[in-house]
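Q: Can you walk me through this protein model? I'd like to go region by region.

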Amino acid sequence: MRRPGPRPLPITVSFFRGLWCALMAMALPSPAWAAAAPSPADCDADISASVLAPPPADGAPADARALWLDAHLIRWPGAATGGRYRLYHSASGRIASRPGSATQGADGVLTLERFEGRLAPPLALRFAHAGAGPTLALAPADAARLRPLLRQQLVLVREDDNGHVLDATTAQLPGVLDQVFAGAATLPDYGVTLRRSRSLVPFERTTTTAFRLWAPTAQRVSLCLYPAGSATADTLLPMHADASSGSWWARLPADLTGRTYTYLVDVFVRGHGLVRNRVTDPYSLSLDADSAHSAVLSLDAAALKPPGWDDTKRPERVAAPTDLVIYELHVRDFSIGDTTVPAPLRGTYAAFAEPASDGVRHLRRLADAGVTDVHLLPVFDIASVPETGCVTPAIPPGAAPDSTAQQAAVEATKARDCFNWGYDPWHFTAPEGSYATDASHPATRVLEFRRMVQALHRMGLRVGMDMVYNHTSAAGQQAHSVLDRIVPGYYQRLDARGDVERSTCCANTATEHAMMAKLMVDSAVVWARDHHIDSFRFDLMGHQPRAAMEQLQRAVDAAAGHHIHLIGEGWNFGEVADGRRFVQASQLSLGGSGIGTFSDRGRDAVRGGSAGDSGVDQVVRQGYVNGLFYDANAQAAGKATAQDLVRSADLVRVALAGSIRGFELSTADGTQRPLERIDYAGQPAGYASQPGEVVNYVENHDNQTLFDSNVFKLPTGTSTADRARVQTMANAIVAFSQGIAYVHAGQELLRSKSMDRNSYDSGDWFNRIDWTAQDNHFGTGLPPRQDNGTGWPLMQPLLADTSIRPTPTDIAFTRDAFLDLIRIRASTTLLRLRTAEDIKSRLRFFNTGPNQVPTVLVGHVDGNGYAGANYKELVYLINVGKAAQRVPVDTLKGKAFELHPLHATAGAADARAKEATFEPSTGEFNVPARTAVVFVAR
């Protein structure tokens, strides 16, 4: 017998409104002072914040130089020792503490005593960055009543015996909040949750919609509900305060799917007084246009799943991290210029599901060759692109290759245009709306995002995401600030004055704090479990604790039911550098974690110089593939030595060996050393414990493309065919390196951004990709002045030089040679060794030491008994030089090496590789100029 479907609830939400308000009012705390209750007008106001009680005109401390360590102790770095210490509190935020006068406007005061003991080890470790100063203790009775006090203005005062202020500040609260509300991190239901349960009516189920927000310092939180598609709230409900967790909740006996909501948070904000902030939900799963309102939805709903979603299998082609070959791609770049995609779908998630498009055909070629993952630049909700009404700059037709006109057109509209890389997080767990065909409907972006993932999976490509949890697009009372307007001073990392740290470019987050770490972990779980994401790349991961990243790894693995691969930027800089605040998720601190970090060792050696080079350094500092010493450009002539070249070759070998710490290499000076004892800019060149912990690359979205970098560095007379070969040599180094291989979209197509060093906001014009391999877009105008203007004099003659621009034949050669290199990598596990011990025991470099042919790299891998090797032995040779070279290897005399089968096929891209030979009687390899070749023994 078929059960009847659920009937509409006989009682509407509006019926409960009066009763619910009364019940919730009974549950709210009752401070001695309270602002007027919100009205529906607060839900709809044009501004997102209103001041309920302004601070005093002067006398309210503007800084937060003290740190509240836990429920009992406060440290005041740099404070003098004389006088007495008192903590004043005010629910209305009216405290004034003027030097020389008594503190005024407080509701009460707590006396603090000097604490002379030692901090417990966990506390001492967490606050090791705090400067020296008096540590102050609350009386036990005062510590027991902290929860209501933490909702008020709190001012720490050092005063004389007459009660006159000597110094005053406020305190940073994360330490005390994490301890007092420790239970908050165990709650599983932040955001909106739809729960179905049996009703009293037979065969009928009821749905409850529940909301939870963590706001432990708020005095009041209210919920605004909006009908679908409306900006005018029809319901305003007070939320219930859960004193133990610091969270606020509301629960309605109705299915509110399709509606939207915001929160009104009454909270004290240093420098602003008591304010009422209207905010969206940090745990939003989707939003309406321009992130105005969070959406009520369930990711389990059938309407949000494309046909076959639950049955579409993830590609199972990565047995070990070293199998990863990652292709970094921007959603808009993928299709915005692809005329084979219907115009309404260009630049959207939907373009990935167009099977006949040039872009999809290209992705299929990559997958067939051995690329395993497409890593998407940020696709979570970002603050930098208008989701409705964005514009596309009108580029003047016919502008010269070195003209400023193109960039001027881009600059004129960049605040309103449709392009940005997206490293501006707004809501971490919701898909970005500008990539949806209709940003105004929250369900559309979810459904189309999933169709994109499904389409990539059906191509045989796993899907990765670029995650940016290290900063937010805004902080404080800024309109795009969410976290900091709910719990001021908690989610963002603060400096010694209490100001937000910005070393990552933007408002840094503090994932060392429990609830920021939880938000990051919970968000990643949603992407892995509910959106079927297979791998994550973490932006500036070194600004996060290793412990938080390991917690995330465990959580996403458990949620997905299989291992999720994590890689990230492990750069060591800023206020967290060298472990000042915690053990970082950085290159030198992640050994043994299984989490991969990008290696700059091989990147810099291959390209030359470093990512931060500017001016003439970009020209003079040549790299291993583009002429260091052996093919000097006019400005570099006489500046490099033969020793520079062999040292560079050693750093390339570091990359080829997976940057494994203990791998032994015969170095340029003739000594045998482990890679960790080879210097790289004052750091160990070898830093990885296992090959899955290193990501090898020579190009990504940051900095100039490899082609553009080579334009600076190669002699200007270099032919376009040789430029294609130089690019291919760099690609070969990535393909043959042990570890994870990572390439930037278009790297295989000689992609140019017209020499733009930072195209994050340079519009579609400077970020184009031509999947048909007809144009690489070099010489399409001087790049935007903001990040490139000082380099224009160097760029102009190069952009105007038509002999540099590659032909379609050059581009097609680079593409096809790249595909062959990836096929060779995929053909054998000898280029994807699983462990450090495998690399140390099976990989050996020849042609090393002081007497080497410095332009030729020779690697030998023993395949005897190795699973998936397919060959007894493998030798690869990469000759980056302009002349053919003969390289004898005595230990290989008498071996039966032959060209890798792919080189010998009629369709092999690089015919020159067929000219490479091996003479068994002498052990001599002959390698043509600028050629990468693989020999195997069966």
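A: Here are some notes on confidence, cores, helices, sheets and one serine.

Q: What should I know about how the values were made?
A: This is a predicted model, so local features need pLDDT of at least 70 and side-chain atom pairs count only at pLDDT 80 or more, while totals for chains, interfaces and linings use all residues. Residues are numbered from 1 along each chain as its sequence is written, and side-chain values use heavy atoms, with hydrogens and water left out.

Q: What is the mean pLDDT of the protein?

A: The mean is 95, and 96% of the residues reach 70 or more. pLDDT is the predictor's confidence in each residue, from 0 to 100.

Q: Where does pLDDT stay under 50?
A: Over residues 1–30. For that stretch the model has 37 contacts beyond four places in sequence, a contact being heavy atoms within 4.5 Å.

Q: OK, the inside. How many residues does the largest nonpolar core have?
A: The largest nonpolar core has 210 residues, and Trp68, Phe211, Leu363, Phe536 and Phe736 have the most contacts inside it. Helix H12 (residues 514–530) gives the largest share of this core, ten residues. A nonpolar core is a set of buried Ala, Val, Leu, Ile, Met, Phe, Trp, Tyr and Cys residues joined through side-chain atoms within 4.5 Å. Buried means under 20% relative accessible area, exposed over 50%, and partly exposed in between (1.4 Å probe, protein chains only). Helices (H or I, at least four residues) and strands (E, at least two) are DSSP runs, numbered from the N terminus.

Q: What is Phe736 in contact with?
A: Leaving aside neighbours within four places in sequence, the contacts of Phe736 include Leu656, Leu821, Tyr876 and Val934.

Q: Helices next. At roughly what angle do H8 and H21 cross?
A: The axes of helix H8 (residues 358–369) and helix H21 (residues 808–826) cross at roughly 35 degrees and come within 8 Å. Axes are lines fitted to C-alpha atoms, for helices over the stretch in contact, and angles run from 0 to 180 degrees between N-to-C directions.

Q: Which residues make the contact?

A: On the H8 side they are His362, Arg365, Leu366 and Ala369. H21 brings Arg815, Phe818, Leu819, Ile822, Arg823 and Ala826.

Q: Now sheets. What order do the strands have in the open sheet of five?
A: The order is S35-S36-S37-S42-S39, with antiparallel pairing. Strand S35 (843–846) and strand S39 (898–899) are the edge strands, each pairing on one side only. Two strands pair if DSSP finds at least two bridges between them.

Q: How many bridges join S37 to S42?
A: Seven bridges join strand S37 (residues 873–879) to strand S42 (residues 931–937). Asn879 stands opposite Thr931 in S42.

Q: Which helix lies across S35, S36 and S37?
A: Helix H16 (residues 642–656), running at about 30 degrees to S36.

Q: And what do S7 and S8 form?
A: They form a hairpin with five residues between them. Four bridges join S7 (residues 153–159) to S8 (residues 165–169), which run antiparallel. Gly163 in the turn has a positive phi of about 85 degrees.

Q: Last one. Where is Ser666 found?
A: Ser666 is found in strand S29 (residues 664–666). Ser666 is partly exposed, with a relative accessible area of 22%. Beyond four places in sequence, Ser666 touches Asp650, Thr671, Gln672, Thr848 and Gly849.
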